Amino acid sequence: MTEATTAKINWNGGVQGEAIDILKEDGGMIVSPTKVGYIIMTSDDQGLERKFAAKNRKRNKPGVVLCGSVEQVKELAQMTPEIEQMYQQHWDEDILLGCILPWKEEAKSKIPNDGTKNLMMDKRETSCFVIKFGTPSENIAKEMWEKYGKFSFASSANPSGKGNRGLVAGIGDQIENAADLIIEADDYVASIQPDKTLDTRYEQGVMVSMVDETGKLIPEQNGAVGIQPAPIVIRKGLDVDKIMKIMSDIFSSWDYRHGFYY
């Protein structure tokens, strides 16, 4: 195999213009740092197809939509006031959070009319809407949405089932060769979990399902006990202790079922 020719640059500490230039065009795909490691970022169906090919990834899980503000989540996803409160509190405390939510009907029209919809929603028409995933990638997602009206979709930058250990060297040759650009910031990633080792660090963020088995939004609880269906923590990860504390303050009932996708 020839030497990888993908451009690698160090994060500039702000908005990475080179990444915007790639993602605002059709089919762009980059590797970018987050709080829990490196992700593949894309913005349309061509980019998503490249991501699936680079990862040898199955297509049955909800896509991850990176949101640069709580306002963007509100614009795109159906939420109860309690779920909005949860997002706002995590935003204010700078805690990485992803919730599986149904799309608003009017927001579906914002999705490019190509193959994007089928690749970034599951069959229930839900996606995982993520906030506070780390400054380097947050800056890109915010600019892409607010300036160009383009989505930012994410997937961990590692061959499926293997972690990148928070190191750009851990993304693997296949992804490295497939990407248009790699933004390197190992120091930033390491700074988020300073008390963890490569073996004890979280490789992912917490994911909370806010829908029932058919993809319908869970009901508001209003302090009542035993309301079902309730929020379910389906993946533990960075700051899971803080997130469960906040959930306990907002919801009388919620479940913890790590690994319970469907």
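Colleague: Are Phe-151 and Phe-153 buried or exposed?

Modeller: In this predicted model, a residue is called buried when its relative accessible area is under 20%. Phe-151 is buried, and Phe-153 is buried as well. In the protein chain, buried residues account for 51% of the 262 residues.

Colleague: How many aromatic pairs does the structure hold?

Modeller: Two rings pair if their centres lie within 6.5 Å, and planes over 60 degrees apart count as edge-to-face. The structure holds 5 aromatic pairs.

Colleague: Why is the pair of Phe-151 and Phe-153 stacked?

Modeller: Planes under 30 degrees apart count as stacked. The planes of Phe-151 and Phe-153 lie at 20°, with ring centres 5.7 Å apart, and therefore the pair is stacked.

Colleague: Which residues form one aromatic cluster?

Modeller: The cluster consists of Trp-103, Phe-129, Trp-145, Phe-151 and Phe-153.

Colleague: Which residue stands opposite Thr-42 in E7?

Modeller: Opposite Thr-42 stands Phe-153. Strand E3 (residues 37-42) and strand E7 (residues 153-156) run antiparallel and are joined by 4 bridges.

Colleague: What order do the strands of the open sheet have?

Modeller: The sheet has 11 strands with mixed pairing, in the order E1-E8-E2-E3-E7-E4-E6-E5-E9-E10-E11. Strand E1 (7-10) and strand E11 (255-256) are the edge strands, each pairing on one side only.

Colleague: Which strands does helix H7 lie across?

Modeller: Helix H7 (residues 135-148) lies across strand E2 (29-34), E3, strand E4 (64-66) and strand E8 (181-184), and runs at about 130° to E2. Helix H4 (residues 81-92) lies across strand E5 (97-102), strand E6 (126-131) and strand E9 (207-209), at about 155° to E5.

Colleague: Where does the charged end of Lys-132 sit?

Modeller: The charged end of Lys-132 sits over the ring of Trp-91, 4.2 Å from the ring's centre. Lys-51 lies over the face of Phe-52, at 3.9 Å from the ring centre.

Colleague: What radius of gyration does the protein chain have?

Modeller: The protein chain has 18 Å, which agrees with a compact globule, because such a globule of 262 residues would have a value near 18 Å. The C-alpha trace spans about 60 × 45 × 30 Å along its principal axes.

Conventions
Residues are numbered from 1 along each chain as its sequence is written. This is a predicted model: local features need pLDDT of at least 70, side-chain atom pairs count only at pLDDT 80 or more; totals for chains, interfaces and linings use all residues. Side-chain values use heavy atoms; hydrogens and water are left out. Two strands pair if DSSP finds at least two bridges between them. Helices (H or I, at least four residues) and strands (E, at least two) are DSSP runs, numbered from the N terminus. Contact means heavy atoms within 4.5 Å. Axes are lines fitted to C-alpha atoms, for helices over the stretch in contact, and angles run from 0 to 180 degrees between N-to-C directions. Rings of Phe, Tyr and Trp (its six-membered ring) pair if their centres lie within 6.5 Å; planes under 30 degrees apart count as stacked, over 60 as edge-to-face and the rest as tilted. Buried means under 20% relative accessible area, exposed over 50%, partly exposed in between (1.4 Å probe, protein chains only). A charge sits over a ring if NZ of Lys or CZ of Arg is within 6 Å of the ring centre and within 35 degrees of the ring normal. The radius of gyration is taken over C-alpha atoms; the globule rule is 2.2 Å times the number of residues to the power 0.38.
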